[in-house]
Amino acid sequence: MEGMFTRKAIGINGQWPIPGVVANKGDTLIIHATNKLKEPASLHSHGIFQNGTNFYDGAAMVTECGIPMNGTFTYIVNLNQAGTYWIHSHFKSQTADGLRTTLVIRDPDEVYKYDDEIILPLEDWFREPAKTLIKQFNNPDPHIRFKPIVPYAIIGGTCSSKKRLNFAPGKTYRIRLLNIGASFDFHFSMEAHTLRLIEVDGVMVKERTTHGVTVGTGQRASVLVTALNSTDNNYVFHADMYTDLLQMPRYNPLNFTGTIEYSPRAKIKRERSAMWMNVSDLDLEPLDAEPMLEADQIVTLDAYSGVFSDQSFRHSFNNVTYAVPQTPTLLTALTMGDYANRTEVYGKQTDTHILKHLDVIQIVVNNHDYYSHPFHLHGHVFQVIETGNIRSKERRVKTALDTPVKRDTVIIGGGHYAILRFRADNPGVWLFHCHIDFHIMLGLQMTFVEAPDKIQSRLKSKIPDMYRENCVAQGIKTTGNALGGSEVMDLGEQDQINPSPYPDQFESADPPSGWMLISYILQG
C-alpha cells in the first residue's frame with residue numbers, strides 16, 4: 001500500500017496488481033504459465049464452465065497436480081460464456097497473497113446498451129502474509145484466533161481514496177464489480193446516483209433498480225449508472241467492507257470511499273441516501289427465463305467450525321474437514337474404471353459425492369457458524385431456490401420466483417440455510433467450497449464427481465502431455481485411488497491420519513459473548 005506499508009505480493013511478469021484480461025465471447029484464451037515461486041501454483045478461471053476441459057479448471061490436486069517450481073503449464077480456455085469473471089490461484093492461499101486478476105468476456109450481442117464500461121475490482125489486503133494469518137485462524141485458542149487484524153481496501157487497483165470514476169454528463173456506464181479479495185464482503189453504492197443491476201456472476205438478469213449491491217468474495221455484478229447532467233459537483237462512491245468473521249462492533253462496516261469525478265475543478269457534494277438497501281438473489285430473474293428445476297438427487301451439507309482432534313481450529317462439511325488426496329481426484333476418476341463410481345476411492349477427506357449425468361442436483365447448505373460464507377461451485381451455475389433461518393424459534397423462509405436467478409457463488413449468512421439446484425450436464429470433477437481463502441485452507445470444501453463414465457469416455461484422450469509431466473516432476477502418481485493405490489479399499493490408514501472433530505466443540509450460530517475487539521482500520 002503506497003505510503004503505508006510494504007509487503008511481498010505474487011505478481012505476473014513483474015507487475016502487481018496484475019493487469020486484467022479482456023476478451024470476446026467465442027475467443028480462446030491461452031495462458032502460458034511459468035512458475036517462479038518457491039512452491040507449486042495453479043490458475044483457476046473462476047466462473048468458466050470448462051465443459052470438456054475439466055483438466056484446465058486449475059484446482060490443484062483436484063483437477064491437476066499444480067505447476068511445479070520452474071515448471072510450465074498452458075491453459076487453453078474456451079470462452080463460450082460472456083460476462084464478468086476472474087482468474088486466481090487455486091493452490092493453498094496464493095490468492096490472498098495477490099495471485100488474482102479480472103477476466104471480462106464481452107458479448108457481441110449485448111442486450112443492454114451503454115456508452116462505456118468501468119471494470120472495478122474490489123480487494124481486501126492485509127499487512128500480514130497469508131501463511132501468518134492461517135496460523136492465527138487455525139489456533140484453537142479463541143484469544144489468538146480472534147486477535148484483531150487490519151484489512152485495507154484496494155479499489156480498482158489503487159488505494160480507495162485515490163480512485164476516480166470519470167463521468168461525462170448524461171452518459172450511461174456499465175460498472176463491473178468484482179470481489180477478488182480473500183475474505184470480506186463489499187457493499188457498493190454511489191451517492192446521488194441510482195444503480196440498475198443487470199448481471200450477477202456472468203448471468204444476465206432483468207434490470208433491477210437499487211441503491212447498493214453487495215458482492216461477497218468470489219461474486220461479481222454489473223450495474224448500469226446514468227451520469228447526472230451537470231459538471232458542477234463531484235460525488236462520492238462507497239466500497240464499504242463488511243465482515244462478521246471478527247467481532248469488531250466499532251468498525252463494521254469499514255468505510256472506504258472514492259470519487260465520482262465530473263470535473264477536476266468541482267467540489268465534492270455529499271448526498272446521503274439509503275445506501276445499504278440491497279437486492280436479494282431471490283428477487284432477481286435471469287433473462288433466459290429458465291423455469292425452476294425439479295430435484296432428482298439431494299445433497300445436504302452442514303457447515304460447522306470447531307477444534308479438531310489435532311488441536312487445530314478447522315471448518316467442515318458434515319464433520320469432514322477437507323484434505324487433499326495424494327492423487328488428483330480427476331486422475332482417480334479417469335483411471336479407476338468401474339470403481340470410479342464408488343466414493344471410497346476418492347478418500348473420506350475429499351468428501352466426494354457421485355452425480356448421475358443430467359440429474360438435477362439439489363444442495364441444501366446449512367450454515368451453523370455465526371458468520372456468513374460465500375459458497376462457490378465450479379463448473380456450473382446453480383438456481384437459488386430458497387433461503388431461511390435455521391434457528392428453530394426464528395424460522396423465516398424466502399423462496400424464489402418461478403424463474404430463479406442463477407449464479408456460481410452465494411452468500412449464506414450465519415445461522416441460515418440455502419437451497420440450490422443445478423443440472424449435472426458437465427462431466428468432470430468440481431469443487432464446492434467457501435470462497436474465503438482461509439476457510440478453504442481450513443477445510444470448508446467438498447467434491448462432486450459428475451458422471452464418472454462420461455469423464456472416462458470424453459476426457460481421457462484429451463489430457464495434454466504437459467499435464468502428466470508436471471505430476472511426474474513432483475513425484476505425484478497419475479493413476480489409482482486417493483493414495484495412488486490400485487484397489488478401491490487400498491487406502492491404508494488414511495482415515496486415522498486426518499483430523500476428526502471432538503464432540504461438542506463446534507462453534508454455534510451465535511457470536512461468542514464477551515468479545516469486544518478493537519481493530520484500528522487505516523484507510524488509503
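Strand β17 (residues 233-242) pairs with β18 in the antiparallel sense, over four bridges. Two strands count as paired if DSSP finds at least two bridges between them. Strands (E, at least two residues) and helices (H or I, at least four) are DSSP runs, numbered from the N terminus. This is a predicted model, in which local features need pLDDT of at least 70, side-chain atom pairs count only at pLDDT 80 or more, and totals for chains, interfaces and linings use all residues. Residues are numbered from 1 along each chain as its sequence is written, and side-chain values use heavy atoms, with hydrogens and water left out.

**Around β18.** Strand β10 (residues 164-166) also joins β18, here in parallel, through three bridges. Threonine 259 of β18 is the bridge partner of valine 236. Arginine 164 also stands opposite threonine 259. Four of the five residues of β18 (residues 257-261) are buried, so the strand is largely enclosed by the rest of the structure. Buried means under 20% relative accessible area, exposed over 50%, and partly exposed in between (1.4 Å probe, protein chains only).

**The whole chain.** The chain holds seven helices and 32 strands. Of its 524 residues, 59% are buried. A contact means heavy atoms within 4.5 Å. Among contacts with a separation of 6 or more, 80% come from residues 24 or more positions apart.

**An open sheet.** Five strands form an open sheet with mixed pairing, in the order β22-β31-β30-β24-β28. Its edge strands, β22 (352-355) and β28 (409-412), each pair on one side only. Direction ignored, neighbouring strands of this sheet are turned by 20 degrees against each other on average.

| Strand | Residues | Bridges between the two |
|---|---|---|
| β30 | residues 428-434 | six, to β31 |
| β31 | residues 445-450 | six, to β30 |

Leucine 431 stands opposite threonine 447 in β31. Helix α5 (residues 452-459) packs on the sheet and touches β22, β30 and β31. The direction of α5 makes about 70 degrees with that of β31. Axes are lines fitted to C-alpha atoms, for helices over the stretch in contact, and angles run from 0 to 180 degrees between N-to-C directions. Cysteine 434 counts as buried, because its relative accessibility is 0%.

**Nonpolar cores.** A nonpolar core is a set of buried Ala, Val, Leu, Ile, Met, Phe, Trp, Tyr and Cys residues joined through side-chain atoms within 4.5 Å. The largest one has 71 residues. Phe167, Ile175, Met190, Phe375, Phe432 and Phe438 touch the most other members. Apart from it lies another core of 42 residues, including Ala23 and Ile463.

**Threonine 403.** This residue sits in the loop between β26 (397-399) and β27 (406-407). Threonine 403 counts as buried, because its relative accessibility is 15%. Its side chain makes a polar contact with the side chain of glutamate 285 (3.0 Å). A polar contact is a pair of N or O atoms within 3.5 Å; within protein, one must be able to donate a hydrogen and the other to accept it, and residues adjacent in sequence count only if both atoms are side-chain atoms.

**The disulfide.** The structure holds one disulfide, a pair of cysteine sulfur atoms within 2.5 Å. Cysteine 65 and cysteine 471 form it, with sulfur atoms 2.0 Å apart. The torsion about their S-S bond is about 95 degrees, so the disulfide is right-handed. The pair links distant parts of the chain, 406 residues apart. Both cysteines are buried.
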